[in-house]
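This briefing concerns the ligand site, the aromatic contacts and the backbone geometry of one protein model. Please consult the sequence and structure shown here alongside the points that follow.

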Amino acid sequence: MALTIRDDLSDLEGYHSAQVTVDVRLNTNESPYPPPPAWREAFLDELGRVPFHRYPDREARALRTAIGELHGVGPDQVLVGKGSNEVLQAACLAFGGHGRTVAVFEPTYALHSHIARITGTTVAVGERAADFTLDLDEVRRVLSTTAPAITFLTSPNNPTGLVEPREAVEAVLGMAPGLVVVDEAYAQFAPWSSLSLLADDRPLVVTRTFSKTWSMAACRLGYLVGPAEVVAQLERVVLPYHLDAASQIAGRLALRFQAEMEARVAAVVGERERLLAGLRRLPVEVWPSAANFVLFRPLSGEGAAAWKGLVERSVLVRDCSSWPRLTGCLRVTVGTPAEDDAFLSALAEVL
Ligand code: PMP
């Protein structure tokens with residue numbers, strides 16, 4: 001067929017994260033624990049009463065109200081989507097596009113650049129310092145030379161695990177000429193959140209997801225909190241009825257299980273520290289983490305070989321070894337204690 005993808009996407013690769021059948025899957029930062037059984041019961045019960053021949057509530061009013069209550073804002077300050085990726089896409093569609101630029105600071109979550117490109121937006125790439133912290137001189141240089149419509153921050157950052165300090169986010173807000181998006185997919189594992197910086201007259205939005213802390217990756221549900229004025233503009237670019245009835249119900253019911261969610265987060269944070277301590281006993285370089293994953297690099301420099309050795313032992317982690325700025329690195333998601341022990345002993349063998 002003589003069909004070709006858009007010229008500006010000719011070298012674009014799709015999203016790659018191996019989906020291999022293994023006993024221990026620690027490569028996509030999901031929760032190792034399923035949602036509470038009472039949530040499943042309530043969800044299936046409500047699902048059984050959905051009028052499936054009708055479109056869902058287009059405005060997802062009940063879900064947005066419940067999320068707003070969680071963060072002390074009204075439903076008009078909440079945009080929901082099919083995963084936070086869809087919410088990030090809405091931001092690029094509404095504020096990016098042809099002739100506009102977004103700024104990212106690498107290494108960071110690859111989908112920010114990827115989604116920007118798909119939406120026809122130019123990507124300005126800034127470099128983080130060697131220790132992966134944000135270099136504010138570099139931020140100033142990138143923002144002043146490219147005037148991005150959107151500046152993306154990720155806190156905690158993926159795949160490094162580092163949390164952005166409040167002063168850094170405030171400094172970026174002071175310099176950014178357009179919207180600042182703080183991607184907080186992992187914020188519940190971290191000591192502070194940019195939600196505390198939100199204000200009606202500040203061009204800041206914070207994105208969150210149900211995929212990690214809420215143990216609901218299968219449902220595809222994410223959201224953004226920000227000024228009502230910004231949310232109203234984002235709503236103009238999302239497709240009608242984009243959020244199906246099942247995801248709306250799932251999210252609304254999940255919010256009734258806040259205590260269970262917090263207990264899961266506490267367990268994962270405790271386990272993360274044990275995993276970090278285990279890694280520090282092995283011949284690897286390890287970065288501190290405020291998320292539910294840990295970035296590490298075998299001192300041998302053989303990241304790809306270590307990844308393969310782990311797969312042979314039925315353990316799957318994320319292979320970042322060929323990514324720019326992350327040569328030789330692997331990223332492991334915090335699992336259950338048994339999964340993490342399996343990972344640590346497989347890694348000790350491999351190394
Ligand atoms: N942001 C970051 C930083 C992520 O790591 C992820 C998941 N890998 C997402 C957003 C997207 O998550 P989801 O679409 O499942 O909400």
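A polar side-chain atom of Thr209 lies 2.6 Å from an oxygen atom of the ligand, a polar contact being a pair of N or O atoms within 3.5 Å (within protein, one must be able to donate a hydrogen and the other to accept it, and residues adjacent in sequence count only if both atoms are side-chain atoms). The protein covers 93% of the 400 Å² of accessible area that the ligand has on its own, as computed by the Shrake-Rupley method with a 1.4 Å probe (for residues, only the protein chains shown count as cover). The model is predicted: local features need pLDDT of at least 70, side-chain atom pairs count only at pLDDT 80 or more, and totals for chains, interfaces and linings use all residues. Residues are numbered from 1 along each chain as its sequence is written, and side-chain values use heavy atoms, with hydrogens and water left out.

**Ligand site**

- The ligand is surrounded by 13 residues, and the closest are Ser84, Asp183, Tyr186, Thr209 and Ser211; a residue is near the ligand if one of its heavy atoms lies within 4 Å of it.
- Helix α3 (residues 83–95) supplies the largest share of this shell, three residues; helices (H or I, at least four residues) and strands (E, at least two) are DSSP runs, numbered from the N terminus.
- Ser84 places a backbone N or O atom 2.6 Å from an oxygen atom of the ligand.
- Asn158 has a polar side-chain atom 2.8 Å from an oxygen atom of the ligand.
- The shell comprises three nonpolar, seven polar and three charged residues, where Ala, Val, Leu, Ile, Met, Phe, Trp, Tyr, Cys and Pro count as nonpolar, Asp, Glu, Lys and Arg as charged, and the others, Gly among them, as polar.

**Aromatic contacts**

- Seven aromatic pairs are present in the structure; rings of Phe, Tyr and Trp (its six-membered ring) pair if their centres lie within 6.5 Å, and planes under 30 degrees apart count as stacked, over 60 as edge-to-face and the rest as tilted.
- Tyr186 and Phe293 form an edge-to-face pair, at 4.9 Å centre to centre with 80 degrees between the planes.
- This pair links distant parts of the chain, 107 residues apart: Tyr186 is in the loop between β6 (179–183) and β7 (204–209), and Phe293 is in strand β10 (residues 293–298).
- Tyr186 counts as buried at 4% relative accessibility, and Phe293 is buried at a relative accessible area of 0%; buried means under 20% relative accessible area, exposed over 50% and partly exposed in between (1.4 Å probe, protein chains only).
- The charged end of Arg331 sits over the ring of Phe293, 5.5 Å from its centre; this term requires NZ of Lys or CZ of Arg within 6 Å of the ring centre and within 35 degrees of the ring normal.
- Phe210, Trp214 and Tyr223 are linked into a cluster by ring pairs.

**Backbone geometry**

- Glu106 and Pro107 are joined by a cis peptide bond with omega of about 0 degrees, and Pro107 is in the loop between β3 (101–106) and α4 (110–118).
- From Ser155 to Pro156 the peptide bond is cis, with omega near -5 degrees; Pro156 lies in the loop between β5 (150–154) and α6 (166–175).
- Asn29, although not a glycine, has a positive phi of about 60 degrees; Asn29 is located in the loop between β1 (24–26) and α1 (37–47) and is buried, with a relative accessible area of 1%.
- Ser215, also not a glycine, has a positive phi of about 55 degrees; Ser215 is in the loop between β7 and β8 (222–225) and is buried, with a relative accessible area of 12%.
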